[in-house]
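We will begin with the whole molecule and then visit it piece by piece.

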Amino acid sequence: MSDVLIVEKLEGRVARLTVNRPEKLNALNGAVRCALLAALSDLAAEDEVRVVVLTGAGGRAFIAGADIGEFKDARPVEQYRRMKAGNIYDAVEAFPKPVIAMINGFCLGGGCELAMACDMRVAASTAKIGQPEINLGLIPGAGGTQRLPRLVGEGWAMRLITSGEFISGTKAAEIGLVEVAVEPGELEEHVMKLAGAIGGRSPVALQAAKESVLAARRMPLDQGLKFESAWFSLLFSTDDMAEGVDAFLSKRRPEFKGS
Ligand code: COA
């Protein structure tokens, strides 16, 4: 296990990934990106894990952005290669299981972009969230100009990206950047309860759900509906579907095996 990323397997088929550079507010450097890619690859193959929670260590930050130290003297080609090689954003989106961002403090720049690449976001009401790249003479480079307007609409995306202002977790929930904001003391319990509920579901159905919802971004409605109905029909071939239906009709809890 890498010291910049803590990987834990918890009860209820939940894994937690904690970015662990609290002295740098969990800024994303090459080592973190590498460790995240490796952990996601391992967890994708772990049948015991059905849902992942991503968070930051130390209590002050989820992730305060890309490590600005790496920007100094970086040449364009070097920067491009670095981003392609360490594309944790696409890796999270392509990960076959749901990923929940547990936003417990500063969630800035690449941190906000990583949270947006996750499938769900829960924030502490006191979290500070934003895309401050403009202060560096930059724009978001890991999906911020694309995922943010899809979540909050063009106006709010433009405002956050051009002003660099931070908003609270509460405000982020109001505009749809996160789904829920809760009191900081309740964040972990809230997220773990959500993750535990998801972890009890069929992993095949979870993957189908994730792929189908994400398809809505890139497909016109008619194609998306076909994609959904193909997955829906395919799930009729699974033992998990037979188990879910039998459990409902027998008034018992289903035991999904993932086949
Ligand atoms: N990259 C590298 N280091 C970072 C960082 C980042 N994105 N964000 C914070 N840090 C480091 C600081 O340099 C500092 O390190 P040091 O103690 O070795 O000097 C440490 O984390 C603590 O941050 P500090 O700035 O002292 O805390 P603060 O409470 O005064 O301010 C922030 C917190 C988040 C407002 C401020 O750190 C900040 O603006 N960070 C940059 C955010 C950003 O622009 N992210 C997008 C990058 S593209």
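Before you zoom in, look at the protein as a whole: of its 259 residues, 42% count as buried. Please keep in mind on this tour that the model is predicted.

**Stop 1: the whole molecule**

Colour the cartoon by secondary structure and you will find eleven helices and ten strands. The radius of gyration is 19 Å, close to the 18 Å that the globule rule gives for 259 residues, so the protein is as compact as a globular protein of that length. If you like to think in boxes, the C-alpha atoms fill one of roughly 60 × 40 × 35 Å, taken along the principal axes.

Colouring by charge picks out 30 positive and 33 negative side chains. The centres of these two sets lie 3 Å apart.

**Stop 2**

Select residues 51-56, which make up strand 3. Is this strand enclosed or open to the outside? Six of its six residues are buried, so strand 3 is largely enclosed by the rest of the structure.

Show the side chains here and turn the view slowly. In a regular strand, side chains alternate between the two faces of the sheet. In strand 3, Val51, Val53 and Thr55 point one way, while Val52, Leu54 and Gly56 point the other way. All of these residues are buried.

Strands 2 and 3 run parallel and are joined by six bridges. To see one of the pairings, pick Val19 and look across to Gly56 in strand 3, its bridge partner.

**Stop 3: either side of strand 2**

Step back to the loop between strand 1 (5-10) and strand 2, and click on Arg13. This residue has a positive phi of about 60° although it is not a glycine. Arg13 is partly exposed, with a relative accessible area of 28%.

Is Asn29 buried or exposed? With a relative accessible area of 14%, Asn29 is buried. Which residues does Asn29 touch, leaving aside its neighbours within four places in sequence? Select Arg21, Asp67 and Glu70: Asn29 is in contact with each of them.

**Stop 4: strand 7 between two partners**

Select residues 120-124, which form strand 7. Four of its five residues are buried, so strand 7 is largely enclosed by the rest of the structure.

Strand 7 pairs with strand 5 (residues 99-103) in the parallel sense, over four bridges. Look for Ala101, whose bridge partner in strand 7 is Arg121. Strand 7 also runs parallel to strand 10 (residues 180-182), to which three bridges join it. Here, Ala123 has Ala181 in strand 10 as its bridge partner.

**Stop 5**

Now select strands 4, 6, 8 and 9. They form an open sheet in the order 4-6-8-9, with mixed pairing. The edges are strand 4 (61-63) and strand 9 (167-168), each of which pairs on one side only.

Zoom in on strand 6 (residues 106-108) and strand 8 (residues 128-130), which pair in the parallel sense over three bridges. Click on Cys107 and look opposite, to Ile129 in strand 8.

**Stop 6: after helix 11**

For the last stop, follow helix 11 (239-249) into the segment after it, where Ser250 lies. Ser250 is partly exposed, with a relative accessible area of 40%.

Phi of Lys251 is near 55°, a positive value in a residue other than glycine. At 77% relative accessibility, Lys251 counts as exposed.

Note on methods: Residues numbered from 1 in each chain as written. Predicted model: local features only at pLDDT ≥ 70, side-chain atom pairs only at ≥ 80, totals over all residues. Heavy atoms only, no water. Helix = DSSP H or I, 4+ residues; strand = E, 2+ residues; numbered from the N terminus. Rg over C-alpha atoms; globule rule 2.2 N^0.38 Å. Buried < 20%, exposed > 50% of the residue type's maximum accessible area, 1.4 Å probe, protein only. Lys, Arg positive; Asp, Glu negative; His and termini not counted. Charge placed at Lys NZ, Arg CZ, Asp CG, Glu CD. Contact = heavy atoms within 4.5 Å. Pairing = 2+ DSSP bridges.
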